[in-house]
There are 2 protein chains.
Amino acid sequence: MRTGTGAGMPQRGAVGAEERIRAAAVRLWSERGFHGVGIRELAEEAGLSSATLYHYMGTKEDLLADVMSRGLRRLVLAAERVTQQRAGAGPRMNALVQLHVLTHALRPRETRVVDGELRALSGDRRGGVMSLRDEYERYWRATIDEGRASGAFRVEAPGMARLALLEMCTGVARWYDPGGPMALSEVALGHAQLASRVLGAEELELVDEVDWCRGLVGEIWSGPGGG
Amino acid sequence: MRTGTGAGMPQRGAVGAEERIRAAAVRLWSERGFHGVGIRELAEEAGLSSATLYHYMGTKEDLLADVMSRGLRRLVLAAERVTQQRAGAGPRMNALVQLHVLTHALRPRETRVVDGELRALSGDRRGGVMSLRDEYERYWRATIDEGRASGAFRVEAPGMARLALLEMCTGVARWYDPGGPMALSEVALGHAQLASRVLGAEELELVDEVDWCRGLVGEIWSGPGGG
């Protein structure tokens with residue numbers, strides 16, 4: 001694939017077109033859902049013909065699988081970074097929760113598509129996206145298991161606790177309002193505290209990871225396409 | 001409005017048509033979202049012409065507001081019943097959580113539309129649905145406030161805890177699989193336990209309200225239209 005034509009210039013060629021298509025898809029799907037947007041509208045939003053869009057991205061389902069996979073790879077990449085840089089189940093879970101909350105609050109459109117459109121996929125595409133989602137959740141699972149093994153966490157049904165925590169933190173994207181009364185850092189730290197309660201780790205010293213996670217989200221989500 | 005023509009007979013007339021339209025809307029919208037289904041498909045699914053559908057239900061947005069309002073009134077009715085029949089913040093919160101989880105697991109299609117389509121509404125219709133949602137959440141808010149006042153709950157940010165709990169419990173509809181390894185009663189009780197942790201009420205004696213809540217959901221959600 002050719003790269004863009006330089007800083008400050010509109011992107012041209014395959015990479016520019018693909019980026020524009022993915023950005024258009026995220027914009028429209030996050031507003032009206034995968035089934036609510038036709039291929040012609042997607043092409044129009046990206047400033048291309050339907051035939052050009054098809055040439056670059058294949059069917060609408062191909063494009064959805066591509067968008068969801070890229071989003072999930074970014075989530076995985078960030079979770080991997082947390083796991084490398086934060087030792088011990090408590091500090092790692094604390095950072096994973098703050099990262100998840102910040103990602104969902106700062107990238108609500110991308111995460112809405114990633115979290116909400118799995119049912120629109122079928123067959124291999126669905127399988128591929130599900131295994132990336134499992135890969136992300138494995139960081140949570142491993143951290144909870146480690147905390148139970150060390151005695152840092154006391155939780156009877158770790159699988160259910162993991163799902164409950166993920167839903168709780170993902171939910172921030174549904175209710176958080178950047179213009180509302182709660183600061184995002186307060187929401188992220190507040191959820192880390194609730195997570196420590198859910199995991200029976202109340203003695204856990206909460207560390208403010210908001211700035212670090214914000215930097216990570218900025219670095220991982222702002223570049224083109226993510227993998 | 002006329003009532004149905006008798007037990008065992010297909011419903012006819014206005015009530016039968018309206019019921020069929022709402023059922024068709026819930027089926028299709030829960031699969032493909034509000035924006036993913038046209039008025040003609042809705043009419044076809046209900047076995048009516050578009051003109052007849054319009055005659056009974058107005059625009060697609062009118063129909064969505066009607067479906068969402070009916071679902072929310074059922075949630076409110078059930079929460080009201082819990083509040084009347086369970087005294088004290090601990091036992092009431094315990095029952096509210098189990099009720100919410102069971103409602104979302106047993107009525108995933110209706111609750112998916114109720115929880116997921118607010119952004120599709122605008123103006124007065126949105127306002128009406130939002131105030132019904134607030135009415136439902138007020139039972140949770142009042143119970144948390146009561147628990148804090150009595151010392152039964154220890155929670156610093158009660159508004160955030162309420163939202164986090166609602167998202168956690170609503171999320172059950174997204175991952176719970178009736179054919180999967182976890183029994184629904186286990187999920188409901190497990191979430192009540194996690195909620196008591198979130199609210200800092202670990203000493204709370206958990207009561208199994210699954211059968212009672214199941215009966216309540218059956219009673220309130222199976223009759224026609226809910227108000």
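Glu19(B) and Arg22(B) form a salt bridge, with their closest N and O atoms 3.0 Å apart; the term covers a side-chain nitrogen of Lys or Arg within 4 Å of a carboxyl oxygen of Asp or Glu. Both Glu19(B) and Arg22(B) sit in helix H1 of chain B, three residues apart, about one turn of the helix. Helices here are DSSP runs of H or I with at least four residues, numbered from the N terminus. Over all chains, the whole structure holds 27 salt bridges.

A word on the model: it is predicted, so local features need pLDDT of at least 70 and side-chain atom pairs count only at pLDDT 80 or more, while totals for chains, interfaces and linings use all residues. Residues are numbered from 1 along each chain as its sequence is written, chains are lettered from A, and side-chain values use heavy atoms, without hydrogens and water.

**Where the chains meet**

Chain B and chain A bury about 2700 Å² between them, 59% of it on carbon and sulfur atoms. Buried area is the accessible area (1.4 Å probe) that two parts lose on being put together, summed over both. Each chain brings 31 residues to this contact, where contact means heavy atoms within 4.5 Å.

Two salt bridges cross the interface of chain B and chain A. Arg174(A) and Glu167(B) are joined by a salt bridge between their side chains, at 2.8 Å from N to O. The interface of chain B and chain A also has eight residue pairs in polar contact, both at pLDDT 80 or more. On the side of chain B that touches chain A, H1 (13-32), H8, H9 (172-175) and H10 (184-198) of chain B each supply at least two residues. H10(B) gives the largest share of that side, eight residues.

**A helix pair within each chain**

| Helices | Axis distance | Angle |
|---|---|---|
| H5(B) (89-106) and H8(B) (158-170) | within 8 Å | roughly 40° |
| H5(A) (89-106) and H8(A) (158-170) | 8 Å | about 40° |

Axes are lines fitted to C-alpha atoms, for helices over the stretch in contact, and angles run from 0 to 180 degrees between N-to-C directions.

Which residues of H5(B) meet H8(B)? They are Met93(B), Val97(B), His100(B), Val101(B) and His104(B), and their partners in H8(B) are Leu165(B), Leu166(B), Cys169(B) and Thr170(B).

Definitions and conventions: A polar contact is a pair of N or O atoms within 3.5 Å; within protein, one must be able to donate a hydrogen and the other to accept it, and residues adjacent in sequence count only if both atoms are side-chain atoms.
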